[in-house]
Amino acid sequence: EIPIPEKLVKRPSTFYFGSLLLQNDTKIWTSLMYGDGNGKLISYDTNKMSFDAIDLSPKISSPIRMTMDNSEKNWITDFESNSFFEFSPQTMKMKEYLTSPLDSRINNNNTNTNNYNYFTAPFEITTGSNNTIWFTEYLGNKIAQFLPEERMLVEYWIPGTNSTFCINER
């Protein structure tokens, strides 16, 4: 059992863990989402038996899932936005990428970008062949393929949209 330092878990009743990644059998990565919109990336060094935390706020509020590519970069989806991120543990640099805006077939032509239903909500993510990044857009009703070398995003529309399905009223 490895206790998580209290400084990382500031409000135990309002945080959620995301994915777990293993890097070179020496580092374990996870994401933390706080109810107040602050996200963190947590690493645990198995050799040093120590934790490090990287504050992702204000860019990433809900780092829900992660994958690691062949060059050991972490790819993170932010569930409360149109964004997904590339994070290099070697340089500690983060790059943001955007999905297309929410399709009018989903948001009923609502142009209020402050509305929760405006986000595509990138969610599940995995690394495919040739270092391709694949993820779902939970509210966007799409499957996305990102080609890092070309910096190209291809989104595949999932037919059969029901504008009231999977959209939470707030």
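Predicted model: local features only at pLDDT ≥ 70, side-chain atom pairs only at ≥ 80, totals over all residues.
A salt bridge is a side-chain nitrogen of Lys or Arg within 4 Å of a carboxyl oxygen of Asp or Glu. Side chains of opposite charge can pair when their charged atoms come close.

## Charged pairs

| Salt bridge | Closest N and O atoms |
|---|---|
| Arg65 and Glu124 | 3.3 Å |
| Lys73 and Glu86 | 3.1 Å |
| Glu155 and Lys142 | 3.8 Å |

Let us begin with Arg65, which forms a salt bridge with Glu124. Arg65 belongs to strand E5 (residues 63-68) and Glu124 to strand E9 (residues 122-127), so this pair ties together parts that are 59 residues apart in sequence. Arg65 is partly exposed, with a relative accessible area of 22%. Glu124 is partly exposed too, at 35% relative accessibility.

Next comes Lys73, whose salt bridge partner is Glu86. This pair links distant parts of the chain: Lys73 sits in the loop between E5 and strand E6 (74-78), while Glu86 is in strand E7 (residues 83-88), 13 residues apart. Which of these two residues is buried, and which is partly exposed? Lys73 is partly exposed, with a relative accessible area of 26%. Glu86, by contrast, has a relative accessible area of 4% and is buried, because buried means under 20%. There is a further partner to look for here: Lys73, Glu86 and Arg151 are linked in a network of salt bridges.

The last pair in the table joins Glu155 and Lys142. Glu155 is partly exposed, with a relative accessible area of 24%, whereas Lys142 is buried, with a value of 10%.

## A sheet of four strands

Four strands form an open sheet in the order E1-E2-E3-E4, with antiparallel pairing. Which strands stand at the edges? They are strand E1 (15-23) and strand E4 (50-55); each has a single partner strand, so one side of each is left without a neighbour in the sheet. From one strand to the next, the twist averages 20°.

Strand E3 (residues 39-45) and E4 run antiparallel and are joined by six bridges. For Asp45, the bridge partner in E4 is Ser50.

## Aromatic rings

Aromatic side chains meet as well. How many aromatic pairs are there? The count comes to twelve aromatic pairs. One of them brings together Trp75 and Phe146: their ring centres are 5.6 Å apart and their planes stand at 55°, so the pair is tilted. Trp75 lies in strand E6 and Phe146 in strand E11, so the contact ties together parts that are 71 residues apart in sequence. Both residues, Trp75 and Phe146, are buried.

Trp75, Phe84, Tyr97, Phe135 and Phe146 form one aromatic cluster.

Conventions
Residues numbered from 1 in each chain as written. Heavy atoms only, no water. Helix = DSSP H or I, 4+ residues; strand = E, 2+ residues; numbered from the N terminus. Buried < 20%, exposed > 50% of the residue type's maximum accessible area, 1.4 Å probe, protein only. Pairing = 2+ DSSP bridges. Axes fitted to C-alpha atoms, helices over the stretch in contact; angles between N-to-C directions. Phe/Tyr/Trp six-rings, centres within 6.5 Å; stacked < 30°, edge-to-face > 60°.
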